[in-house]
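Hi,

Here is the structure I promised to pass on.

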Amino acid sequence: MSDQNAIRSVHAVHAEDKDGLPEPARGWARATQFAAKPGEVLLVPGADGGLAAAVLGLGARKDASASTSLLTGALATALPAGRWRLDCELDPDLAALGFRLGGYRFDRYRRNGQAAADGPQLDVVGSGGHEIRLYEGIALVRDLINTPANDMGPDAIERATRDLAAEFGAAVEVTTGDALLAANLPMIHAVGRASQRAPRLIDMRFGRHDAPRITLVGKGVAFDTGGLDIKPASGMLLMKKDMGGAANVLGLARMLMAGRADIALRVLIPAVENSISGDAFRPGDVLASRKGRTVEIGNTDAEGRLVLADALTLADEETPELLVDMATLTGAARVALGPDLPPFYTDDEELAAELARAAAVLADPMWRMPLWTPYAANLSSRVADINNVTSDGFAGSVTAALFLQGFVERARSWVHFDVFGWRPKAVAWGGVGGEAQCIRALSSIILDRYGQ
């Protein structure tokens, strides 16, 4: 077993099933009191002093879920270099993906960069190879969110979009600065005009123009000070992630383009920085919108819905089959559901059911929240058509979704995701940092509907 070219086995086992391990793994697990906790890895020595095998703990069988298959992420850092094979009851595609995700590192700003040494290779029996496409989309999301705002302004979001477009032969058009006013995108301009880095609307298209129209809109607030309603220092610490909606739609677009979806894909990203200067928009201002609806500014820290409203109006004008928007929009969503369970809102019952099924099967968590229309009255304004916030502070994520819904009329189906875009606690398949949310489920649904 000392041959470095030998393929060693990884046994995945629930805590109750350790006695079913083959020797010498069974004996070594007993000797070391291996508990098979979720993500716990045991390296098993051979008679020659080399490694004979490894064991991955899956926790108690009663606690198992689809995410159990992602525990293979722990192997990416626990196994030494070499070839390994996993043959077990885990979902093979999720297991293969979990291993890749566990090996992700963001080392751009470390002096030594990424380690040069080769890591382990894991063959998962039965996997279809789709994990590479999914991993590359997720890694793109993580890289974009993890990059600090000094290197990820509106201009850098544009560059990232152009790089992705060049890879797949997509087309990109960008409307920047005062040209936004001429293009009738006034709220994107108003939110971003205070920054030295000009606001812009990024528009990427891919696929046959006569194919089903799928449009993705992502909030691209590169950094959010809160504007004149300035956030406290603690509230700004993670605001580099306020472009997490843009990052997620770019990751989803990558998955769809790599998966050869037969769609007319459009990606719209209002990319801005919500800064403070003499030109910043103010509380009490009344802004015009692309839709013609006037918006009173009750709080400049509710800027994401403003830029999304103009982009959604533009997207809606083409009557897409499916209109998806993703945004790190409200703290209220985190209070309600925490960082790992993003709420989504839609009045399309079939789509909601598909999303719930895909979320469960693919371990891509999300939870449907209601578009409770009586709360829309709480967005009323005495001087304009609508206010961008409510005055009572209740149901913040719901009222934000209702605000956005008012700018969508023609799309055959619309869904809004209020994502966090950040993992505050490490798991086997991802460390603390930027995170993709909901896009694996969305990719699966779109590819199932429109072919691969």
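Which residues does the UniProt annotation "domain: Cytosol aminopeptidase" cover? According to that record, an unreviewed entry, the answer is residues 299-306. UniProt positions are in the numbering used here, feature names are shortened, and annotations may be inferred rather than shown by experiment. The end C-alpha atoms of that span lie 11 Å apart, and the span is 38% helix and 0% strand.

Some ground rules before the rest. This is a predicted model, where local features need pLDDT of at least 70 and side-chain atom pairs count only at pLDDT 80 or more, while totals for chains, interfaces and linings use all residues. Residues are numbered from 1 along each chain as its sequence is written, and side-chain values use heavy atoms, with hydrogens and water left out. Helices (H or I, at least four residues) and strands (E, at least two) are DSSP runs numbered from the N terminus.

**Strands**

Strand 9 (residues 220-224) is largely enclosed by the rest of the structure, because five of its five residues are buried. Buried here is under 20% relative accessible area, exposed is over 50%, and partly exposed is in between (1.4 Å probe, protein chains only). Strand 9 runs parallel to strand 10 (residues 264-274), and three bridges join them. V221 has V272 of strand 10 as its bridge partner. For pairing, DSSP has to find at least two bridges between two strands.

There is also an open sheet of three strands, in the order 11-12-16 with mixed pairing. Strand 11 (286-288) and strand 16 (386-387) are at the edges with a single partner strand each, so one side of each has no neighbour in the sheet. Strands 11 and 12 (the latter residues 294-296) run antiparallel and are joined by three bridges, with V286 opposite E296.

**Salt bridges**

The whole structure has 34 salt bridges, counted when a side-chain nitrogen of Lys or Arg is within 4 Å of a carboxyl oxygen of Asp or Glu. These are the ones I'd look at:

- R61 and D17 meet at 2.4 Å, N to O. R61 is in the loop between strand 3 (51-57) and helix 2 (75-78) and D17 in the loop between strand 1 (7-13) and helix 1 (25-31), so the pair ties together parts that are 44 residues apart in sequence. R61 is partly exposed at 38% relative accessibility, as is D17 at 28%.
- E273 and R197 meet at 3.2 Å, N to O. This pair links distant parts of the chain, 76 residues apart: E273 sits in strand 10, and R197 in the loop between helix 7 (186-192) and strand 7 (200-206). E273 is buried, at 12% relative accessible area.
- D155 and R159 have their closest N and O atoms 3.9 Å apart. Both are in helix 5 (residues 154-168), four residues apart, which is about one helical turn.
- D203, R205, R213, R266 and E318 are linked in a salt-bridge network.

I used a 1 Å grid over the protein atoms alone: a cavity is a set of points where a 1.4 Å probe fits but cannot get out, a pocket is an open set with protein on both sides within 12 Å along at least five of seven lines, and lining residues have an atom within 4 Å of a point.

Of its 26 lining residues, R305, L329, T330, G331 and A332 are the closest to the centre. Helix 11 gives the most to this lining, with three residues.

The E23 to P24 peptide bond is cis, with omega near 5°, and P24 is in the loop between strand 1 and helix 1. T319, not a glycine, has a positive phi of about 50°; T319 is in the loop between helix 10 and strand 13 (322-327). A395, also not glycine, has phi near 50° and lies in the loop between strand 16 and helix 13.

Cheers
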